[in-house]
2 protein chains.
Amino acid sequence: MGLTKSEFFTEEQNEIAAIAKVLGHPARIAILEFIIKLETCVCGDLVKDIGLAQPTISQHLKELKKVGIIKGTIEGTSVCYCIDEEKWDSIKNKFNNFLNKNATENCCS
Amino acid sequence: MGLTKSEFFTEEQNEIAAIAKVLGHPARIAILEFIIKLETCVCGDLVKDIGLAQPTISQHLKELKKVGIIKGTIEGTSVCYCIDEEKWDSIKNKFNNFLNKNATENCCS
DNA sequence: CTTATTAATCGTAATATTGCAATAAATAAA
DNA sequence: TTTATTTATTGCAATATTACGATTAATAAG
């Protein structure tokens, strides 16, 4: 089928999975790290930095935009991408919350 | 193509993406939460709790085992699954590290 | 207006993922 | 040994993802 049965899960579970899914590709991790590293807006240097073709990078940027991690503003012929700080913080909270659910002991340890 | 070009990225980028990818499905989030909630070993209650078919759950468990988040020990006819605490902590560190890379200011804020 | 430059979109091929029915494997119980 | 019980594996269909060439859209420069 290839179709996730989202209706079986809670809103929260679907949400964290959706974010994790977007982070689940090294190109998108690399893009985010690149944007963060520059501490300023990025235009088209991503294609040069990462080895992938321009349409591929554009597609990954679209994915990142779709979940709201980054936002892009047009600047002449190029586009300025940067982290959406609010969204980033909310993601950080969600992951922290999830990862802290686990106690340090269980039956197998 | 459908084939990720891992050789374009650093070990670290591939690693965090691989973990995020596994977390990128609500069923696997639900499975982890269920195991954690019980604070004890889980056998086959997952199938009842989550609505998916047994082979589907088994497949998701396999994915989780593959990256080492959970481990399973055989107990009679059933299998006891639990979190690999060490791996969990390392994942927590990796995500924290990644999510803390972002400063709170940039050109767009 | 014409010509770069830059990024998005379209179309498509290759591969991966999701889900499940059917079946197998492995142990426990009778 | 036979029969449950429980989980894993196989095989397959439907859908999603990844990547890129070709093209389009939009602005800038000449």
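Me: Why is B:Lys101 called partly exposed?

Reply: In this predicted model, B:Lys101 has a relative accessible area of 34%. Buried requires under 20% and exposed over 50%, so 34% falls in between and the residue counts as partly exposed.

Me: What makes B:Lys101 and B:Glu12 a salt bridge?

Reply: Their side chains meet at 3.5 Å, N to O. The cut-off is 4 Å between a Lys or Arg nitrogen and an Asp or Glu carboxyl oxygen, so the pair qualifies. B:Lys101 lies in the segment after H5 of chain B and B:Glu12 in helix H1, so the bridge ties together parts 89 residues apart in sequence.

Me: Is B:Glu12 buried or partly exposed?

Reply: B:Glu12 has a relative accessible area of 42% and is therefore partly exposed.

Me: Why is B:Glu33 called buried?

Reply: The relative accessible area of B:Glu33 is 15%. Buried means under 20%, so the label applies.

Me: What does B:Glu33 pair with?

Reply: B:Glu33 forms a salt bridge with A:Lys101, with the closest N and O atoms 2.8 Å apart. A:Lys101 lies in the segment after H5 of chain A and B:Glu33 in helix H2 of chain B, so this pair joins two chains. A:Lys101 also forms a salt bridge with A:Glu12, at 3.5 Å. A:Glu12, A:Lys101 and B:Glu33 are thus linked in a network of salt bridges.

Me: How many salt bridges run between chain B and chain A?

Reply: The count is two. Besides the pair of A:Lys101 and B:Glu33, A:Glu33 and B:Lys101 meet at 2.8 Å, N to O. Over all chains, the count comes to six.

Me: How do you know that the copies meet through the same surface?

Reply: Of the interface residues of chain B, 100% are also interface residues in chain A, so the surface is the same. In numbers, 48 residues of chain B are in contact with 48 residues of chain A.

Me: What relates the two copies?

Reply: A rotation of 180 degrees with 0.0 Å of shift along its axis superposes chain B on chain A, at an RMSD of 0.0 Å. The copies are thus related as by a two-fold rotation axis.

Me: What area is buried between chain B and chain A, and which residues of chain B lose the most?

Reply: The buried area is about 4300 Å², with 69% of it from carbon and sulfur atoms. In chain B, the residues losing the most area to chain A are B:Phe98, B:Leu99 and B:Asn102, which together account for 15% of what that side buries.

Terms used. Residues are numbered from 1 along each chain as its sequence is written. Chains are lettered from A and ligands numbered from 1 in the order in which they are written. This is a predicted model: local features need pLDDT of at least 70, side-chain atom pairs count only at pLDDT 80 or more; totals for chains, interfaces and linings use all residues. Side-chain values use heavy atoms; hydrogens and water are left out. Copies are superposed by least squares on the C-alpha atoms of residues with pLDDT of at least 70 in both. Contact means heavy atoms within 4.5 Å. Buried area is the accessible area (1.4 Å probe) that two parts lose on being put together, summed over both. Helices (H or I, at least four residues) and strands (E, at least two) are DSSP runs, numbered from the N terminus. Buried means under 20% relative accessible area, exposed over 50%, partly exposed in between (1.4 Å probe, protein chains only).
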